[in-house]
Amino acid sequence: MNFEDRREFAAALDADDPLGKFRERFAFPLPKGGRTPVYLCGNSLGLQPKLAAQFVEQELAQWRDCAVGGHFHPERPWLAYPRRATAAFAALAGAEPSEVVAMNTLTVNLHLLMTSFYRPTAERFRILIESQAFPSDRYAAASQIRMHGHDPAAGIVEWTPRGDGSTLDTGDLAALLEREGDGIALLLLPGVQYLSGQVLDMREICRLGRQAGSAVGFDLAHAIGNVELALHDWGPDFAAWCCYKYLNGGPGAIGGAFVHERHFDDGTGALLGWWGNDEATRFEMAPAFRPAAGAERWQMSTPPILSLAPVLASLELFQEAGMTALVAKSRQLTGYLAWLIEQRFDGAIGTITPEHARGAQLSLVVRDAAIDARALFEALCERNVTGDWREPNVIRVAPAPLYNSFGDVYEFVERLGEGLEALGAQA
Ligand SMILES: *Cc1c(COP(=O)(O)O)cnc(C)c1O
């Protein structure tokens, strides 16, 4: 598409957008200093679907009116409540319904799944992560290695970006596994790198990991609801995600997990709780454990209904919109954003997100040494723009195709220009 740097052009794209109707189904933050919000932070905390309050109130009412009977409510029994996320999770993850489950939160799920799939031996005990891994993933990997009696300093292998310092190259991963694969028990990698926004080649990572004899687990925090996934076909052993970023499930929302079906009957162990027991016999309270079919075996505990309710409200919108349409719009939104920035700022603002491997997010960096990047970020905040700052110098912005518009992108670039001007005036 040929983009144009005119507000009317952005408005015309919005008028033609088949997903435009979803915008009004979300609550946007309040105006500030007389300025409407430009919210580009759905990669950190998605906006509230207006349906969310109704979904939560429904469960509060059920608790109020039915008390313990709510577990067996004829329409929405809490016993089966997490399963209301299953169809949408399976669609978003590219999985069979039996392979996904709503439970816990992300880092907890990474640990739980590592207890099943990180099974180190004396010779093969290392975990491969990327060198700029999200801290929680690194801490989780290091502590798993320590719990198994190995030294994390020796046990963590890092896949490092080359050249520009931020783009991960799958060829480098192949070479690393060629050299050191024999000692690696697990590849724990993101689907989308949180800092750079790079979408990793998950299919190839799975192939390389299996070829090296290693388990493969994905952290999909920035991938789920952002890019199309085909976990069942790609074949990682496990994956986990949170629901508060692109999935708009609310702060601290319940997370999701994937276990590939080849592990359902292969003797893979799991830490068990009564919610992983088959529903048919769970309340017999018998000493013997009868595993639920599929990924539900990994669910340990009574699910948090009030945390799930807003997630379900948002998943309805995802089901209605469909990932194929969302991704098509996302490419245009982010493409327009990148194009406008290039047009307007003549290299002073650049991006570390590789053009051919991006989802919604663009990670901006200030290339002009005369501009203070942190001050620029604050100038954006003052103009009611929400993106986020990541040390040492990255401003992340992510137009979410479910509720952001081309007008938002245009307005962001306008305010970025204002911010740069204000800083220039100070200098
Ligand atoms: C957001 C994010 C997390 C957060 O984990 P929680 O357990 O939900 O706090 C972890 N890892 C990555 C890569 C993330 O982007």
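This report walks through the ligand site, the cavities and the pockets of the structure above.

A few ground rules: the model is predicted, so local features need pLDDT of at least 70 and side-chain atom pairs count only at pLDDT 80 or more, while totals for chains, interfaces and linings use all residues. Residues are numbered from 1 along each chain as its sequence is written, and side-chain values use heavy atoms, with hydrogens and water left out.

## The ligand site

Around the ligand sit Leu 106, Thr 107, Phe 134, Asp 137, Asp 219, Ala 221, His 222, Tyr 244 and Lys 245 (a residue is near a molecule if one of its heavy atoms lies within 4 Å of it). By class, this shell has four nonpolar, two polar and three charged residues. Here Ala, Val, Leu, Ile, Met, Phe, Trp, Tyr, Cys and Pro count as nonpolar, Asp, Glu, Lys and Arg as charged, and the others, Gly among them, as polar.

| Side chain | Ligand atom | Distance |
|---|---|---|
| Thr 107 | oxygen | 2.5 Å |
| Asp 219 | nitrogen | 2.9 Å |
| His 222 | oxygen | 3.2 Å |

A polar contact here is a pair of N or O atoms within 3.5 Å. On its own the ligand has 390 Å² of accessible area, and the protein covers 83% of that (Shrake-Rupley method, 1.4 Å probe).

Rolling a probe the size of a water molecule over the atoms shows where empty space is left. On a 1 Å grid over the protein atoms alone, a cavity is a set of points where a 1.4 Å probe fits but cannot get out, and lining residues have an atom within 4 Å of a point. Grid points are joined across faces, edges and corners, and a volume is the space filled by probe spheres set on the points.

How many cavities of 30 Å³ or more does the whole structure hold? The search finds two. (Helices are DSSP runs of H or I with at least four residues, strands are E runs of at least two, and both are numbered from the N terminus.)

The second largest cavity holds about 50 Å³ of space. Among the residues lining it are Gly 225, Tyr 246, Phe 318 and Leu 402, and the lining divides into seven nonpolar, two polar and no charged residues. Domain 1 (7–50 + 323–426) and domain 2 (77–321) each supply at least three of its lining residues; the bounds come from an automatic or database domain assignment.

## Open spaces

A pocket is an open set of points with protein on both sides within 12 Å along at least five of seven lines. Of its 18 lining residues, Val 199, Val 227, Arg 331, Arg 358 and Gly 359 are the closest to its centre. Helix α12 (323–345) gives the most to this lining, four residues. Domain 1 and domain 2 each provide at least three lining residues here too.

The second largest pocket has about 250 Å³ of space. Closest to its centre, out of 14 lining residues, are Ala 338, Trp 339, Glu 342, Thr 351 and Arg 358. Helix α12 gives the most to this lining as well, with five residues.

Definitions and conventions. A polar contact is a pair of N or O atoms within 3.5 Å; within protein, one must be able to donate a hydrogen and the other to accept it, and residues adjacent in sequence count only if both atoms are side-chain atoms.
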